[in-house]
There are 6 protein chains.
Amino acid sequence: MTTTLIPNNTLMTETPEEGRALAVKLSRLIIKATQPDEEARNKMRGVYANDPAMLISIGQVVATEFATIAAANNYWRK
Amino acid sequence: MTTTLIPNNTLMTETPEEGRALAVKLSRLIIKATQPDEEARNKMRGVYANDPAMLISIGQVVATEFATIAAANNYWRK
Amino acid sequence: MTTTLIPNNTLMTETPEEGRALAVKLSRLIIKATQPDEEARNKMRGVYANDPAMLISIGQVVATEFATIAAANNYWRK
Amino acid sequence: MTTTLIPNNTLMTETPEEGRALAVKLSRLIIKATQPDEEARNKMRGVYANDPAMLISIGQVVATEFATIAAANNYWRK
Amino acid sequence: MTTTLIPNNTLMTETPEEGRALAVKLSRLIIKATQPDEEARNKMRGVYANDPAMLISIGQVVATEFATIAAANNYWRK
Amino acid sequence: MTTTLIPNNTLMTETPEEGRALAVKLSRLIIKATQPDEEARNKMRGVYANDPAMLISIGQVVATEFATIAAANNYWRK
């Protein structure tokens with residue numbers, strides 16, 4: 001089975017908060033697609049959640065994904 | 001309880017200074033969402049605040065978040 | 001034989017999901033072009049798939065490729 | 001006291017040179033906000049100023065900040 | 001002799017595939033300009049071609065160069 | 001004496017090749033501004049010019065600077 005890479009197959013969200021959650025989701029799904037073994041991922045979670053350099057890198061990935069999602073939603077301007 | 005990822009659920013700010021503070025906030029909230037344990041985060045703060053390479057990486061994340069917020073606010077042009 | 005760098009020679013996709021899959025594909029094809037030896041690549045796959053820092057970095061590359069593909073497709077707006 | 005994050009609370013500058021200087025300033029103010037202790041920062045300065053990998057990373061942060069400032073100023077086109 | 005940094009002095013290409021190849025080329029020419037000694041570069045090629053973290057970083061550089069080239073070519077939209 | 005950060009105080013160039021050279025120049029001037037001691041810089045040059053990971057990182061910085069310069073020049077489209 002192939003990993004779904006974008007839930008609901010859309011970048012559009014109602015709010016910035018949902019857009020941010022989508023950015024987190026997209027970044028995790030790439031890791032899932034690259035390492036499909038759930039146990040292996042869970043073991044690594046304990047590593048990166050306690051490693052400040054990795055946490056910062058995760059923040060970098062999410063920021064990059066969010067830039068795309070925010071542009072797609074025209075920054076949720078009214 | 002889920003971590004709020006964007007305070008007030010908006011990217012819009014009155015000024016660049018507030019936009020910058022929001023960029024800092026957004027980057028911290030991703031770390032909080034990834035490592036919800038407050039004690040664990042506090043312990044890491046002592047590490048990254050004294051590690052020049054990590055401080056630079058934090059600057060990179062904030063710069064990326066700020067790029068999105070600044071574009072959302074049309075660079076606060078008058 | 002030269003590695004194909006962009007399948008079907010286009011950035012256009014029908015859906016965000018396909019665009020995301022293309023981003024993954026593009027990032028892999030650069031690695032293939034840089035290290036054409038399949039056995040060498042397979043050996044490295046076992047390394048990066050179990051290294052959280054590298055998995056995060058892969059997420060960063062995919063996020064960057066996806067930004068371009070999403071812009072090319074005008075974010076699949078209807 | 002809170003660190004000011006953007007001097008004069010504006011991204012607008014008269015010239016590219018001033019925009020570049022602002023990019024340097026913004027990147028330093030994030031470090032200051034994250035590590036408010038001046039002595040700690042001064043000690044780290046001696047480290048990163050002699051570490052080529054860190055100097056390159058600083059260049060990356062400044063390049064990212066500058067991209068935003070340059071766009072804000074419409075690239076100082078006449 | 002100075003290294004040429006952009007072959008044919010243009011970012012325009014006929015196709016995405018050629019644009020991608022140009023991105024690879026541009027990234028290599030920066031390394032050539034920074035390390036003009038061919039023997040030194042060849043020695044390093046054996047290192048990075050077998051180091052997964054470096055291969056991923058190369059992918060990051062190419063993705064960034066390609067973003068610019070793709071925008072320059074208006075994403076080769078018909 | 002303060003380091004000049006942008007030669008001729010402009011992002012505009014006649015050609016892509018000159019734009020690329022400017023990107024290299026800008027990235028070097030940030031390093032110069034951060035480490036003004038010429039001898040210290042020369043010593044580091046021997047390090048990063050023979051370190052593949054650092055050479056790749058330099059390529060990343062130049063790619064980011066070039067993105068800004070290319071946009072400023074509207075990609076030198078005719």
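Predicted model: local features only at pLDDT ≥ 70, side-chain atom pairs only at ≥ 80, totals over all residues.

Q: How many residues of chain A and chain C are in contact?
A: On chain A it's 30 residues, and they are in contact with 27 residues of chain C.

Q: Which salt bridge sits across that interface?
A: The rule finds one there. A:Glu65 pairs with C:Arg20, with the closest N and O atoms 2.5 Å apart. As for where the chain A side comes from, helices H1 (16-34), H2 (38-48) and H3 (52-72) of chain A each supply at least two of the residues touching chain C.

Q: Which helix gives the largest share?
A: H3(A), with ten residues. By type, the side of chain A that touches chain C divides into 17 nonpolar residues, twelve polar and one charged.

Q: And how many polar contacts between chain A and chain C?
A: Eleven residue pairs, both partners at pLDDT 80 or more.

Q: Back to salt bridges, how many over all chains?
A: The count comes to six. One of them joins B:Glu65 to A:Arg20, again with 2.5 Å between the closest N and O atoms. That pair crosses from helix H3 (residues 52-72) of chain B to helix H1 of chain A.

Q: Is B:Glu65 buried or exposed there?
A: Buried: B:Glu65 has 0% relative accessibility. A:Arg20 is also at 0% and counts as buried.

Q: What about D:Glu65, which residue does its side chain meet?
A: B:Arg20, in a salt bridge at 2.5 Å, N to O. It runs from helix H3 (residues 52-72) of chain D to helix H1 (residues 16-34) of chain B. Both D:Glu65 and B:Arg20 are buried. Then there's E:Glu65 with F:Arg20, also a salt bridge at 2.5 Å, and both of those residues are buried.

Q: Changing topic: what rotation superposes chain C on chain E?
A: 60°, with 0.0 Å of shift along the axis and an RMSD of 0.0 Å. That is the relation of a six-fold axis.

Q: Which residue of chain C comes closest to the rotation axis?
A: C:Thr64, with its C-alpha at 7.0 Å.

Q: Why do the copies meet through different surfaces?
A: Only 13% of the interface residues of chain C are also interface residues in chain E, so the surfaces they use differ.

Q: Last one: how far apart are the closest C-alpha atoms of chain B and chain F?
A: They lie 12 Å apart, and no contact joins the two chains. Chain C and chain F have no contact either, with their closest C-alpha atoms 12 Å apart.

Terms used:
Residues numbered from 1 in each chain as written. Chains lettered and ligands numbered in written order. Heavy atoms only, no water. Contact = heavy atoms within 4.5 Å. Salt bridge = Lys/Arg side-chain N within 4 Å of Asp/Glu carboxyl O. Polar contact = N/O pair within 3.5 Å; in protein donor to acceptor, adjacent residues only side chain to side chain. Helix = DSSP H or I, 4+ residues; strand = E, 2+ residues; numbered from the N terminus. Nonpolar A, V, L, I, M, F, W, Y, C, P; charged D, E, K, R; others polar. Least-squares fit on C-alpha atoms with pLDDT ≥ 70 in both. Buried < 20%, exposed > 50% of the residue type's maximum accessible area, 1.4 Å probe, protein only.
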